[in-house]
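Keep the sequence and the 3D view side by side.

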Amino acid sequence: MSRRSGILEFAVLGLLRESPMHGYELRKRLNTSLGIFRAFSYGTLYPCLKTLVANGWLIEEPGSTPADLPPAGRSVAPASSLAGRRAKIVYRLTAEGKEHFEELLSHTGPDSWEDEHFAARFAFFGQTEHEVRMRVLEGRRSRLEERLEKMRASLARTRERLDDYTLELQRHGMESVEREVRWLNELIESERSGRDQRRSSPGSEAQQNTAGETDGLPRHRGDTPPDPSDDTSK
């Protein structure tokens, strides 16, 4: 399985854990909610769905959609014309699929720190346990700090040989990485502060939700996180 296929399967399972959807809804959510899938086709999504069904992690169910219903004020089309229309398939997570997704959520290895995989993991932090979130965030920060050090060393060696535009591009890449490191520092500090507050609060157990301690985000939670695609060092 390619890395990108694995990320797509993870994201599909995570979205379907929230609610059943048909293919169009899934593609829309992947495009709009998860920016890492800005451009991909049904030719990519449906083989993924078929694989998940074959593995027993999803089931297919017939479902009606607004597109199948007549507009307000119009008469219902004859049954003969409706009979030829295919009902949209709704995909639902199975108990085995939920268990598999929760297992994937617990992974904190190097793959979870890479650009695209980290973006997908972060999108489902609301369903991730606090300790796992911390390991993923700290791993991502460590990876970016290593990348930043290499970029600085490379720039120091080649600065004299670069024209102004290439030099500016290198600086832009470094600033993008530095910005994400600062963002990660804020997230990590907020996670730690939230954990300490819960430990000291008499009613800390009541503050936990089913997603697993998600009140550790910084106050500016509405901000858009740095886009890994801005990093020109890749």
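Leu-105 is buried, with a relative accessible area of 5%. Buried means under 20% relative accessible area, exposed over 50%, and partly exposed in between, with a 1.4 Å probe and protein chains only. This is a predicted model, in which local features need pLDDT of at least 70 and side-chain atom pairs count only at pLDDT 80 or more, while totals for chains, interfaces and linings use all residues. Residues are numbered from 1 along each chain as its sequence is written, and side-chain values use heavy atoms, with hydrogens and water left out.

Leu-105 lies in helix 5 (residues 95-105). Helices are DSSP runs of H or I with at least four residues, strands are runs of E with at least two, and both are numbered from the N terminus. Which residues does Leu-105 touch, not counting residues up to four places away in sequence? They are Phe-10, Arg-17, Arg-121, Phe-124, Gln-127, Thr-128 and Val-132. Contact here means heavy atoms within 4.5 Å. The C-alpha atoms of Leu-105 and Arg-133 are separated by 9.3 Å, and the two residues are 28 apart along the chain.

Two of those partners lead on to a helix pair. Arg-121 in helix 6 and Val-132 in helix 7 both belong to the contact of these helices. Helix 6 (residues 115-123) and helix 7 (residues 130-158) pack at an angle of about 150°, with axes 11 Å apart. That makes helix 6 roughly antiparallel to helix 7; the term applies to angles over 145 degrees. Axes are lines fitted to C-alpha atoms over the stretch in contact, and angles run from 0 to 180 degrees between N-to-C directions.

Now turn to another pair. Helix 2 (residues 23-32) and helix 3 (residues 42-54) pack at about 115°, with their axes 11 Å apart. Gly-23, Tyr-24, Leu-26, Arg-27 and Leu-30 in helix 2 meet Tyr-42, Leu-45, Tyr-46 and Leu-49 in helix 3. By class, the contact has seven nonpolar, one polar and one charged residues.

Finally, step back to the chain. It has eight helices and three strands. Along the sequence they follow the pattern α-β-α-α-β-α-β-α-α-α-α. Buried residues make up 37% of the 234 residues. Among contacts between residues at least 6 apart in sequence, 71% join residues at least 24 apart.

Key
Parallel < 35°, antiparallel > 145°, perpendicular 65-115°, else oblique. Nonpolar A, V, L, I, M, F, W, Y, C, P; charged D, E, K, R; others polar.
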